[in-house]
Amino acid sequence: MSMVNEWQHLKIPFDVIEVATENFKTFIGRGGYGWVYKGKLLVSGKETMVAVKRLNEQFGQGLKEFMTEIQLLSGQQHPNLISLVGFCDEGREKSIVYEYAERGSLDQYIRRTRKTTSTTLTWLQRLKICADAARGLNHLHNHVGAPRMIIHRDIKSSNILIDENWVGKISDLGLSKLSVSGFGMSVLVSNGCGTRGYCEPEYYSTGVVTKKSDVYSFGIVLFEVLCGRLCLIDSDDGFSL
């Protein structure tokens, strides 16, 4: 699928991404529609650590989310949003390249195990990261150019990333929707999606989403940070609330 001309400067050849990731050697996580790998890429003449999300259609999401994320991130610059470095769109090979968040995701610090991290966040760090995420969410809702707003639809602790300076950043806009507000209403009708446990009950039952749906999800994240446990617990029988 060809991209509109305004995105052409962001295109990165697949062979460059292969070299940057050493043929997708270092797996660091799973995104909304693909595996995420660590790499090194020359950005503005400087070797920079990046995260590369490679589309995997087996995840049940794919091309639509891939396009949505490029469209929304390419037009946004904010210190509390993960930045888009570029993308690859060559046949079946589709990847998005982001800035690399050195310290991982917030959920790793809430669910501390040997497989995640042994680091404990101080209360001041927790407060700062949550405030950072709130600023990022406020930007999506209120500062992308009136009368537009971006409704994220999948706010959760694993989608709040932390850079080397402990700055919190909202990531994974693949499920996001661009909405137009007016007359005091900011409503978008869509198929219910998001993550169980974080999703507003009314959104799941009616398919109607507003920016308040994101605020509800962010409230769940705040409870997780306060209580030191995730709202979803991985057990032998699957996930439980």
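A: Leaving aside residues up to four places away in sequence, D154 touches N159, L175, G194 and T195, where contact means heavy atoms within 4.5 Å. This is a predicted model, in which local features need pLDDT of at least 70 and side-chain atom pairs count only at pLDDT 80 or more, whereas totals for chains, interfaces and linings use all residues. Residues are numbered from 1 along each chain as its sequence is written, and side-chain values use heavy atoms, with hydrogens and water left out.

D154 lies in the loop between strand 6 (148-151) and strand 7 (160-162); strands here are DSSP runs of E with at least two residues, helices are runs of H or I with at least four, and both are numbered from the N terminus. With a relative accessibility of 9%, D154 counts as buried, a term that means under 20% relative accessible area, while exposed means over 50% and partly exposed covers the range in between (1.4 Å probe, protein chains only). D154 is also 7.6 Å from S176, C-alpha to C-alpha, although 22 residues separate the two in sequence.

N159, one of the residues that D154 touches, is also touched by S171. S171 sits in the loop between strand 8 (168-170) and strand 9 (177-180), and its relative accessibility of 8% is why S171 counts as buried. Apart from residues up to four places away in sequence, the contacts of S171 are I82, H152, N159 and L161.

For contrast, consider the loop between helix 1 (14-20) and strand 1 (26-30), where E22 is found and where N23 also has its place. E22 is exposed, with a relative accessible area of 54%, and N23 is exposed too, at 55%. Most residues other than glycine have a negative phi. The phi of E22, however, is positive, near 55 degrees, and that of N23 is positive as well, near 60 degrees.

Elsewhere, helix 4 (residues 123-142) packs with helix 6 (residues 211-227) at an angle of about 175 degrees, their axes being 11 Å apart; axes are lines fitted to C-alpha atoms, for helices over the stretch in contact, and angles run from 0 to 180 degrees between N-to-C directions. The two helices are therefore roughly antiparallel, the word used for angles over 145 degrees, with under 35 called roughly parallel, 65 to 115 roughly perpendicular and the rest oblique. Among the residues making this contact are W123, R126 and C130 of helix 4, and K211, D214 and F218 of helix 6. C130 counts as buried, at 10% relative accessibility, and so does C88, at 0%. The structure holds zero disulfides, a disulfide being a pair of cysteine sulfur atoms within 2.5 Å.

Over the whole protein chain there are six helices and 13 strands, and 50% of the 241 residues count as buried. Among contacts with a separation of 6 or more, 60% come from residues 24 or more positions apart.
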